[in-house]
Amino acid sequence: MSRLFVLLIVTAMFFWSCNTVSEKHEASERRIITFENTPASRPYSPAVEAGNMLFVSGQIALDPSTGKLIEGGFEEQTRQTLSNLKAVIERAGYKLEDVVRCTVLLTDINNYTPMNRIYMEFFPSDPPARMAFAVRDLPMGALIEIDAIAVKK
Amino acid sequence: MKRIISAKNAPAAAGPYSHAVEAGGILFVSGQVALDPATGKLINGGIREQTEQALRNIGAILKAAGYSYADVVKSTVLLSNIEDFKTMNEVYSKFFPSDQPARVAYAVKELPLGALIEIEAIAVKSK
């Protein structure tokens, strides 16, 4: 009898704890991060914040003033891409140090080493988790695309 | 604690993965291709039809988990041909008309089942 009572209490506590956990995660503040010159025709936002998490769209080496891919080779594109990523992150009030995860898409896996060298300039210590691979093609003929997830401290 | 989502109105998974998994208030939706939920086969049609079906499948999973398209914060769009980028965008924007999720899009070498497009999503319920 007392064993059954204990079981009932434990079950009740389990469901109570489930409820508190789900309540904690019920809904979070949503913020859309854009720039004055973000084209309305693009069906994605530069970044979306949910609670204290920032989801940053894949960035390519677009010139922020013209919206066109910059002139130059892989190294220039990597620098521009990372600088665009930094701009979106800072626009949202985050820092590069807040990035917890990146995806790096290359069109040529032979660019892996030069990409890493420039990437390290932007993430010099405690770098984020990352996945990198070569794809078939990137939008607008870009050579590199990088997306990110950041979490504010 | 994680919650496994199984949606009646979405095509059965084509492998050892769940339709979606929710953990810590974040819903991770598996990559969806244009499978017909009724037959489990890739639908007939080009990139326009396949984009629509893939997004409908995402919608069915979101709904089963108690979420909606408006809760999507990030998506990944995988294409077989980068030439389909523009048409994909046209269809995609109908499903996400405002406050669009962050996104990454690119063309891969090949997709499962010969699909032209695969889309995955991350959602967080918004206030």
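Q: At about what angle does helix H2 of chain A run to S6(A)?
A: In this predicted model, helix H2 covers residues 74-91 of chain A. The helix lies across S1, S2, strand S3 (53-59), strand S4 (99-106) and strand S6 (144-151) of chain A. Its direction relative to S6(A) is about 25 degrees.

Q: Which are the edge strands of the open sheet of six strands in chain A?
A: The strand order in this sheet is S1-S2-S3-S6-S4-S5, and the pairing is mixed. An edge strand here pairs on one side only.

Q: Which residue is the bridge partner of A:Ile32 in S2(A)?
A: Strands of a sheet can pair in a parallel or an antiparallel way, through backbone hydrogen bonds. S1(A) and strand S2 (residues 47-50) of chain A pair in the antiparallel sense, over four bridges. In S2(A), the partner of A:Ile32 is A:Val48.

Q: What pattern does chain B follow along the sequence?
A: Chain B has two helices and six strands. Read along the sequence, these give β-β-β-α-β-α-β-β.

Q: What is the radius of gyration of chain B, and why does it agree with a compact globule?
A: The C-alpha atoms of chain B fill a box of roughly 40 × 30 × 25 Å along the principal axes. A compact globule with 127 residues would have a radius of gyration near 14 Å, so chain B agrees with its value of 14 Å.

Notes. Residues are numbered from 1 along each chain as its sequence is written. Chains are lettered from A and ligands numbered from 1 in the order in which they are written. This is a predicted model: local features need pLDDT of at least 70, side-chain atom pairs count only at pLDDT 80 or more; totals for chains, interfaces and linings use all residues. Two strands pair if DSSP finds at least two bridges between them. Two residues are in contact if their C-beta atoms, placed from the backbone, lie within 7 Å. Axes are lines fitted to C-alpha atoms, for helices over the stretch in contact, and angles run from 0 to 180 degrees between N-to-C directions. The radius of gyration is taken over C-alpha atoms; the globule rule is 2.2 Å times the number of residues to the power 0.38.
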